[in-house]
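Student: I have a structure to read and would like to know what stands behind the terms used for it. Can we go through them one by one?

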Amino acid sequence: MSGPTSTMLPVATGRAALAAFWRALRRHPLLGWSSIAAALAASAAAVVVPLLLGRLVDLVVAGGTTRSLLLTSAWILGAGFAAAVLTGASRWLVTEWGMRACADLREEVLDHALRMDSARLESAGSGDVASRVTDDVEQVTDSIQLAAGVFTALVTLVVTFAGFAALDWRIAAAFLVVFPVYALSLRRFVPQARRLYAAERQAAAVRTQRLLTTFGGVRTVHAYGMEQRQSQRVDRASREAADARLRAVRGFLWFANMMNLAEAIGLTAVLLAGFLLVRAGDSSVGEVTAAALLFHRLFGPLGMLLLSFNDIQSAGAALARLVGVTEVDLPTQRTAETPTRGPAGIIAKSVSHRYAEGPTVVHEVSIEIAEGESLAVVGASGAGKTTLAAILGGVFPATEGAVWLGGRSIDDLGPEELRRTVGVVTQEVHVFAGTLAEDLRLAAPHATDEQLHAALRLVGADGWVTALPEGLATRVGDGEHPLTPGQAQQLALARIALLDPPIVVLDEASAEAGSAGAHQLELASQAVTRGRTAIVVAHRLTQAHACDRVAVMSGGRIVELGPPEALVAAGGRYAELWAAWRR
């Protein structure tokens, strides 16, 4: 089978990404309003502290009474304690708000990816998809704590500026001199950072793709002695990802230095304005002290707000990649109907297929498979067998032609109805993490243990399942009880038996097993296909010979079609394949 050309999933615009995250935030209004109220209260309490300290300085200069000094000090301690408690509460509420929104967004992206057209998902490549639902999700989630600090910093900035204005508008005007420095720095840094961090996330996706393909094809790597060459490819992708990260960091360090310069300029301006106002008698020493403390207090929030631009840009790039998944069009959802539980015929007319930017791999195939008939598809590697079977089974649509299942156009079947009509098992089956019973119930959520055992008996797996340490309750999947390739295939066939579809597509379902295991899987496949319309992409010709008819493919076309015995007697290509197989 010729695979689809890799086409990365789209990346959302910054506006679309923020809109999606805002929609997720709005699903939790109580947390949102509580977060805003706590942040305002915390910032107000924190601003009161420097104002009271300025008042304390004026009392000392004016020779105030001990009682007034102690009372002011008590107010300072109370305001400081309230600010600390409210700040902690605000951070917790904002973090909880963001985490819940992030969880909602993650579920939305994963749900969209699972319902996406399988051909589109495969064309994107496993690395692109995996990096989005792992690395990018982690990047956005890790930034939630930072976002809580940024939100608090924004509120603090607004409330503190109000405190400046309450002291003297001229001191507030002096404070504003920092903003041109910030604006010029951001104007240079933001466009550059957006490009650098998008490139960094893209390089990380390529690195993930290289790692996944290397580990997934480790047997091939060993078989062809490609260890050094493949290691060099992974090393090159890792270096490119590291270089992309370093370029982003260098841009951030320049921006950080400009922030330090702005703080120095701002504090100098506030102190100079305060000195002139005190000398002119328009302000007190305490007010200038309060202004300096207010500005000094802004060092932390302003630093977090501006220096966090580094992480915000990176998180924004990750968020845009996440939201980009939801921008992929999904197959048309139609009202699901209950499929016919009996056999259903298949008709294909002038079916052709080509993958994006690739050659045509299936040419003008027309075939009719009767209800309850089994058709084996055989041929050399690259003949188009798997592609044709996938089209007939509705895994992805043909680029040309039409297919009918049970008398209905395959285009009229919604995804849920299609999956209940056609059961597909490939040679690359997956054992899902959890108990064996949970793995089986993916096909039939309400199946009883008796029904599970019946399906296992049908495919010849009940014996080894009963012998497991905890039977159906044994945990399987990554890091749990290991299953052989043949056992994993039997589980996949048992899921088909539980699903009980009228049509079954078996794509080389015995190819991963050894000789003894393959024979057992052939018997299991025959049991599952019995009484159903079946398409069997046969790796072993004994499996093909057991089917009602055989289609021999070459160059994307069916070159022979008929009962296996008749094809052997005809002395054509299938006869040659059968003779070679028996030898």
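The talk below takes up the terms and sets values against their definitions.

Tutor: This is a predicted model, in which local features need pLDDT of at least 70, side-chain atom pairs count only at pLDDT 80 or more, and totals for chains, interfaces and linings use all residues. Residues are numbered from 1 along each chain as its sequence is written, and side-chain values use heavy atoms, with hydrogens and water left out.

Student: How many helices and strands does the chain have, and what makes a run count as one?

Tutor: There are 21 helices and twelve strands. Helices are DSSP runs of H or I with at least four residues, strands are runs of E with at least two, and both are numbered from the N terminus.

Student: How do you know how the radius of gyration of the chain stands against that of a compact globule?

Tutor: The radius is taken over C-alpha atoms, and the globule rule is 2.2 Å times the number of residues to the power 0.38. For 583 residues a compact globule would have a value near 25 Å, but the chain has 34 Å. Along the principal axes, the C-alpha atoms fill a box of roughly 120 × 45 × 45 Å.

Student: Why is Val-85 called partly exposed?

Tutor: Buried means under 20% relative accessible area and exposed over 50%, with partly exposed in between (1.4 Å probe, protein chains only). Val-85 has 45%, so the term is partly exposed. This residue lies in helix α3 (residues 66–114). Its C-alpha atom is 81 Å from that of Pro-564, which is 479 residues away in sequence.

Student: Why do β2 and β5 stand at the edges of their sheet?

Tutor: The open sheet has four strands in the order β2-β1-β4-β5, with antiparallel pairing. β2 (360–369) and β5 (408–409) each have a single partner strand, so one side of each is left without a neighbour in the sheet.

Conventions. Pairing = 2+ DSSP bridges.
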